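Colleague: Please take a close look at one part of this model, the surface patch and what goes with it. One connected account will do.

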Amino acid sequence: MSEDLTQTIAEDDWAAAMAEQSSVTTAPATAAQSADIFQDLAAPSVSQGTANDIDFILDIPVLLTVELGRTKIAIKNLLQLAQGSVVELDGLAGEPMDVLVNGCLIAQGEVVVVNDKFGVRLTDIITPAERIRKLNK
């Protein structure tokens, strides 16, 4: 008797589930229904909070490098360097220096001295389009 009762309850559960499933429409959800389920990422309430607010990245440290020039040197010549040695670089005197951020060229500039400290006066800023063009080369 208890098996018959259990089977009847199980059949009733299945019948209820099948009835619930048949009552659900199989038509695609309308825009109003999907708006209730999914939040529109292009909505002003979402984009105003993140897209226009860049304060959270302002404290991220980056490595700024000013490069006078480069050269290749053999290890035996490197070991012979001493105080007063001169290393020839590929950059020419008076030529603008490269300013790199995390290894990516962003500007060129010239050396300036202010209060006995060296600095760089930026003379040319590399545009994002120029940076992308250089990556493709």
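Modeller: Leu 89 has a relative accessible area of 35%, so Leu 89 counts as partly exposed (buried is under 20%, exposed is over 50%, partly exposed is in between, with a 1.4 Å probe and protein chains only). This is a predicted model, in which local features need pLDDT of at least 70 and side-chain atom pairs count only at pLDDT 80 or more, while totals for chains, interfaces and linings use all residues. Residues are numbered from 1 along each chain as its sequence is written, and side-chain values use heavy atoms, with hydrogens and water left out.

Leu 89 sits in the loop that runs between α4 (75-79) and β2 (97-101) (helices are DSSP runs of H or I with at least four residues, strands are runs of E with at least two, numbered from the N terminus). Together with Leu 68, Ile 73, Leu 78, Leu 81, Val 87, Val 111, Val 113 and Phe 118, Leu 89 makes a nonpolar surface patch of about 840 Å². A patch takes residues with over 30% relative accessible area and no salt bridge, joining nonpolar side chains (Val, Leu, Ile, Met, Phe, Trp, Tyr) within 5 Å and like charges within 9 Å. The areas are Shrake-Rupley values with a 1.4 Å probe, and for residues only the protein chains shown count as cover.

From Glu 95 to Gly 69 the separation is 26 residues in sequence, and their C-alpha atoms are 9.7 Å apart in space.

As for charged contacts, the whole structure has two salt bridges (a side-chain nitrogen of Lys or Arg within 4 Å of a carboxyl oxygen of Asp or Glu). In one, Arg 121 meets Glu 110, with the closest N and O atoms 2.8 Å apart. This pair links distant parts of the chain, eleven residues apart: Arg 121 is in β4 (residues 117-125) and Glu 110 in β3 (residues 104-114). Arg 121 is partly exposed at 46%, and Glu 110 likewise at 36%. In the other, Arg 70 meets Glu 67 at 2.9 Å between the closest N and O atoms. Here Arg 70 is exposed at 53%, whereas Glu 67 is buried at 19%.

The setting is a chain of five helices and four strands, running α-α-α-β-α-β-β-β-α from the N terminus on. Of its 137 residues, 7% count as buried. The mean pLDDT of the chain is 77, and 66% of its residues reach 70 or more (pLDDT is the predictor's confidence in each residue, from 0 to 100). Confidence is highest in α4, at 94, and lowest in α3 (residues 44-50), at a mean of 53. Where pLDDT is low, the predicted coordinates should not be read in detail.
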